[in-house]
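I opened a new page for this model.

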Amino acid sequence: MAGLVGMRLLIVSKLQFFPDKASLRYGHMLIRSNRQWSPRERECLSLLQLKGHHTATLLQIHAFMLVNALDANLNLVTKLITTLSAADPHCGTRHARRLFDQTPHKSDAFLCNTMMKSHLSSRQFSIAIWLYVHLRREGGFVPDNYTFSTLAKCCSLNSLTREGMEVHTHVIRYGFNSNLYVATALVDMYGKLGQMGFAREVFDEMTERGPVSWTALMNGYIRGGDMDIAKALFDGMIEIEKDAATFNVMIDGYVKLGEMRSAKMLFDAMPEKNVVSWTTMIDGYCSSGDVDDARCLFDMMPDRNLYSWNAMIGGYCQNKRSHEALMMFEQLLAWKVFEPDDVTIVSVLPAIADLGALDLGNWVYKFVKKKKLDRSANVSTALVDMYGKCGEIEKARRAFDEVEARETCTWNALINGLALNGCAKEALEVFMEMKRKGFYPDDITMLSVLSACNHGGLVEEGKRWFSKMAEFRLTPKIEHYGCLIDLLGRAGHLEEAERLIESMPYEANGIILSSFIFACGYAKDITKAEKVVTKAITMEPSNEGNYIMLRNLYASERRWRDVERIKRLMLSGGAKKEVGCSAIEINSRVMEFVAGDTKHPHLEVTHLVLDQLQMHMKRMLFVEVMKQKINQGFIAGIGAIPYTMAGYMPQEQLSENWKDWSDWMFLSWGVPLCERHGKSTRRATGAVLCRKVSLFARLLKSYTTTGGRISL
């Protein structure tokens with residue numbers, strides 16, 4: 001009697017100072033043990049309840065239990081298994097399983113359920129099911145409702161249909177088919193397995209249904225694309241039973257179908273919205289391209305979590321608004337409420353790569369290393385990809401070498417990065433190394449290999465690897481054909497490229513036809529270009545590249561009437577030349593310059609610098625040297641250059657807004673700022689400056705005498 005009173009007093013004291021769920025579990029453990037715990041047992045439990053454990057610390061606690069003979073306490077063993085799995089899904093769960101296997105109390109349902117749930121949390125679904133089979137064969141273990149709920153979830157998450165049906169059989173055998181939670185788990189399992197007939201049968205046989213049961217069935221129909229049936233079920237529910245989860249499932253279904261109007265109607269009708277509701281709508285608007293509407297919702301949210309921030313950052317990246325994605329990421333860091341996770345990193349790295357914000361990319365790399373987020377293959381791959389696209393191929397290689405558990409996508413990122421930076425032979429060497437280490441190439445691998453051959457002009461290598469795709473059990477897709485056609489066209493093999501277009505099992509798209517037209521432009525072959533240009537313009541009437549290339553071909557042959565005809569076609573098709581854009585990164589800050597932008601806050605400064613350089617260029621002997629390379633105001637293959645600044649081109653041949661070209665602005669603004677800070681300037685976007693701007697940059701470099709310098 002005194003022992004029971006002592007136990008209750010201990011529980012009350014724990015609840016008084018630690019009134020949380022952990023303390024409640026502590027109390028249940030004490031009552032379940034049916035005896036008073038020793039001080040060492042209580043101390044050990046207190047240690048296990050602390051948050052932020054590392055595996056090494058938990059192994060020390062395990063050693064403490066062994067030394068003090070506490071491993072006989074079933075509740076402590078169960079708590080240790082749970083904590084180990086939560087601390088490290090791989091090593092921790094493996095040690096937890098060894099601990100479980102050495103425990104003689106395998107008939108205890110609570111202990112066995114904990115071990116199976118640990119395997120589930122570590123995504124070891126098949127192992128959890130085999131553990132159940134093993135326990136049943138040994139005898140003594142009697143499953144309960146928690147057992148079957150865990151097994152049903154394992155089957156659904158691993159697409160194990162046959163095993164799921166066997167679990168259902170055991171549910172009936174042990175009499176849990178009328179249990180609300182088990183039946184709901186079966187409905188959810190069959191729905192995720194695509195077996196809606198069985199899901200509906202289980203649902204109809206339920207004597208008691210809750211909102212979760214209805215939601216599970218609706219979710220199954222939505223996953224199968226039967227939105228109408230799901231809507232009918234939703235309408236058939238009693239209004240009071242429709243909770244936030246039910247609304248969220250329906251909203252998510254409409255979002256995935258792109259029906260944002262229906263999703264918005266349900267969202268507005270919700271009596272109580274939670275963070276999931278807002279985040280789902282934000283994700284839906286971003287997926288449909290309405291990023292501004294998504295941002296409005298984000299700003300209106302009463303509460304936000306990290307998922308909301310990730311959805312908004314990813315939405316900006318997805319819609320090619322990289323600058324705003326970086327601003328959103330910086331706001332998240334400044335807010336200091338949530339710490340970026342692996343999803344945040346994977347979302348923001350494409351924006352960093354797009355803008356070439358290398359300083360921020362280096363910070364993210366250090367953050368990932370510090371928080372050990374690089375254990376995720378997605379994060380490691382994104383880092384390699386970011387460095388490759390920023391032109392830092394050595395850092396990309398270093399990030400790749402640091403990846404312990406490489407996957408095919410990691411190899412793909414490195415191969416593609418090498419290809420983008422013109423390292424074709426190195427890319428093929430990495431591909432061969434990938435094969436030697438037992439990794440099978442996928443479609444993206446072969447696309448990266450063909451891209452490497454394209455950048456390196458390796459025609460025979462490209463043709464050879466294209467023909468070997470069948471050996472890897474890969475069927476060439478239109479993207480692979482397009483890459484090979486571009487490779488052949490750039491190499492001047494127009495007849496072979498034309499035959500490939502005619503013989504491939506796909507209808508040539510606008511990208512392939514444009515690539516062929518450009519190849520004809522390089523080869524000055526008007527006849528072949530005229531064969532496909534009509535079809536290309538029909539497919540992509542607003543693609544200005546096709547018009548410009550054909551116009552230039554006609555101009556080179558002095559066919560001025562055809563030049564005028566192409567100009568009229570360009571106007572009628574609504575094609576406009578893509579606005580030039582350059583970005584510069586100074587002191588970890590990325591600034592964009594758009595050609596023709598008359599509202600840039602530093603426009604006056606850039607024009608002032610250009611005016612000063614105009615005077616400087618007139619006095620330079622460098623211009624005299626370059627004069628020999630100028631043919632009537634043109635440099636071969638480039639086009640008109642504003643040599644009016646040095647007096648070598650008539651004013652009427654010069655575009656009036658040459659000062660507003662994005663590259664001029666990027667250079668002329670970067671140097672004064674660097675003079676102020678005494679730091680170097682790095683162009684953030686664009687791999688190569690065109691020759692006319694390179695000339696300008698060299699003149700600018702000779703003009704500056706301060707510590708600021710330009711890296712080209």
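I take helices (H or I, at least four residues) and strands (E, at least two) as DSSP runs, numbered from the N terminus. The model is predicted, so I keep in mind that local features need pLDDT of at least 70, that side-chain atom pairs count only at pLDDT 80 or more, and that totals for chains, interfaces and linings use all residues. Residues are numbered from 1 along each chain as its sequence is written, and side-chain values use heavy atoms, with hydrogens and water left out.

**Entry: the loop between α19 and α20**

I looked up asparagine 319 first. It sits in the loop that links α19 (306-318) to α20 (322-335). Its relative accessibility is 23%, so I log asparagine 319 as partly exposed. The classes are buried under 20% relative accessible area, exposed over 50% and partly exposed in between, with a 1.4 Å probe and protein chains only. I then listed contacts, meaning heavy atoms within 4.5 Å. Not counting residues up to four places away in sequence, asparagine 319 touches Cys286, Gly289 and Val291.

Lysine 320 belongs to the loop between α19 and α20. I found a positive phi of about 60° there, although lysine 320 is not a glycine. Lysine 320 is exposed, at 72% relative accessible area.

**Entry: another positive phi**

I checked lysine 336 next. This non-glycine residue has a positive phi near 60°. Lysine 336 lies in the loop between α20 and α21 (342-355). With a relative accessible area of 71%, lysine 336 is exposed.

**Entry: the largest nonpolar core**

Which residues touch the most other members of the largest nonpolar core? I noted Met250, Ile282, Met312 and Ile352, out of 179 residues. Such a core is a set of buried Ala, Val, Leu, Ile, Met, Phe, Trp, Tyr and Cys residues joined through side-chain atoms within 4.5 Å. Helix α11 (residues 180-192) gives this core its largest share, eight residues.

I followed up methionine 312. Leaving aside neighbours within four places in sequence, its contacts are Ile282, Cys286, Val291, Ala294, Arg295, Phe298 and Met328.

**Entry: α8 against α9**

I compared the axes of helix α8 (residues 125-138) and helix α9 (residues 145-157): they come within 9 Å and cross at roughly 140°. That makes α8 oblique to α9. On the α8 side I listed Phe125, Ala128, Ile129 and Tyr132; these meet Thr147, Phe148, Leu151, Cys154, Cys155 and Leu157 in α9.

**Entry: phenylalanine 110**

I placed phenylalanine 110 in helix α7 (residues 109-121). It is partly exposed, at 42% relative accessibility.

Is asparagine 412 buried or exposed? Asparagine 412 is buried, at 5% relative accessible area. I find asparagine 412 in helix α25 (residues 408-420). It touches Met434, Asp442, Ile444, Thr445 and Ser448, with residues up to four places away in sequence not counted.

Glutamate 433 is part of helix α26 (residues 424-436). At a relative accessible area of 18%, glutamate 433 is buried. Beyond its neighbours within four places in sequence, I see glutamate 433 in contact with Arg397 and Trp411.

Technical notes:
Axes are lines fitted to C-alpha atoms, for helices over the stretch in contact, and angles run from 0 to 180 degrees between N-to-C directions. Angles under 35 degrees count as roughly parallel, over 145 as roughly antiparallel, 65 to 115 as roughly perpendicular and the rest as oblique.
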